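Hi everyone, thanks for coming.

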Amino acid sequence: MVTTSHKPRYEQVLKARELARELGVEYVSRRHLPEKLEEEKVDFYYVVEAGGKLVIKWKGGELFFHPSVAKIRMKNLKNGGRDYLIEALKLKGEELVLDATFGLGSEAILIAAFLPKGKVIGLEKSPHIYRVVKDGMSRYKPKTKWIEDAMNRIELIQADMKEFIREAYEDSYDVVYCDPMFENPKYESSSMNPLRPFASYDRVSEEDVKQMLRVAKKRVILKAHKKDSLFDRIKVDKVVGSRKSGVLYGVIEKR
Ligand SMILES: C[S@@+](CC[C@H](N)C(=O)[O-])C[C@H]1O[C@@H](n2cnc3c(N)ncnc32)[C@H](O)[C@@H]1O
């Protein structure tokens with residue numbers, strides 16, 4: 001179902017009604033939400049908040065767009081820390097990067113910050129994650145210039161990357177980045193927790209990576225947890241990352 005926050009403005013109600021129509025679900029006025037939730041078995045519901053912000057709520061949490069992790073990683077870099085993804089990408093600043101598994105877009109924002117003349121194309125398979133993140137990115141008003149600039153260099157598309165890369169032209173992106181859901185989830189990584197119920201858990205196959213390499217001009221970067229099977233199943237040129245955090249990036253150079 002779709003509802004609004006308390007005491008909604010007219011535009012919020014309109015947006016909630018429109019979204020309910022689009023999703024083919026019921027619009028419920030906020031006053032009637034508690035009884036609806038008691039009456040019916042609702043896995044999750046959309047809330048149109050003030051300013052039109054979209055949030056998905058369920059018993060265990062809520063999903064909305066926020067570039068918090070990108071901010072933390074940029075702060076770390078500015079303080080002289082390392083970022084293994086940024087190092088592995090080896091960007092010059094004018095590349096076209098395909099982020100095949102966009103999620104909340106935190107890494108895409110960070111990547112786009114290093115592309116003053118480039119662009120990130122993001123793909124997200126889950127319609128719910130796509131909707132919340134696409135809407136959130138268009139509504140979010142960054143207080144920081146680098147986030148604003150980075151977000152302006154991102155285009156998000158709802159697509160299954162497996163189909164998308166098979167249809168893409170050879171060498172059509174400089175770098176392809178793929179961060180599938182870990183086989184061994186890091187539950188303490190709270191930034192991923194909100195998208196877990198809605199995410200697609202597709203496994204990356206050898207043929208997928210072959211296609212990524214065909215589509216990439218320079219390199220393919222894959223992310224996995226150290227306990228995952230990805231780097232046992234797929235041969236990469238090198239693995240970088242922190243063994244302590246367990247987050248690894250596999251780099252395959254295009255020859
Ligand atoms: C671990 S998250 C990516 C997190 C992202 N790097 C970030 O910084 O927010 C993986 C995302 O990829 C999406 N996904 C999984 N399989 C996909 C596929 N075949 N095509 C496109 N997206 C996919 C999931 O729904 C999920 O949102």
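So, at what angle do the axes of helix 3 and helix 5 cross? Helix 3 (residues 68-78) and helix 5 (residues 106-113) cross at roughly 45°, and their axes come within 7 Å. That makes helix 3 oblique to helix 5. Before I go on, this is a predicted model, where local features need pLDDT of at least 70, side-chain atom pairs count only at pLDDT 80 or more, and totals for chains, interfaces and linings use all residues. Residues are numbered from 1 along each chain as its sequence is written.

Helices (H or I, at least four residues) and strands (E, at least two) are DSSP runs, numbered from the N terminus. Axes are lines fitted to C-alpha atoms, for helices over the stretch in contact, with angles from 0 to 180 degrees between N-to-C directions. Under 35 degrees counts as roughly parallel, over 145 as roughly antiparallel, 65 to 115 as roughly perpendicular, and the rest as oblique.

Who touches whom here? On helix 3 we have Val69, Ala70, Arg73 and Met74, meeting Ser106, Ile109, Leu110 and Ala113 of helix 5. Contact means C-beta atoms, placed from the backbone, within 7 Å. This contact has six nonpolar residues, one polar and one charged. For those classes, Ala, Val, Leu, Ile, Met, Phe, Trp, Tyr, Cys and Pro are nonpolar, Asp, Glu, Lys and Arg are charged, and the others, Gly among them, are polar.

Helix 5 also meets helix 7 (residues 145-152): the axes come within 8 Å and cross at roughly 100°. The two are therefore roughly perpendicular to each other. Ile109, Ala112 and Ala113 in helix 5 face Trp146, Ile147, Ala150 and Met151 in helix 7. By class, that contact has seven nonpolar residues, no polar and no charged.

How values were computed
Two residues are in contact if their C-beta atoms, placed from the backbone, lie within 7 Å.
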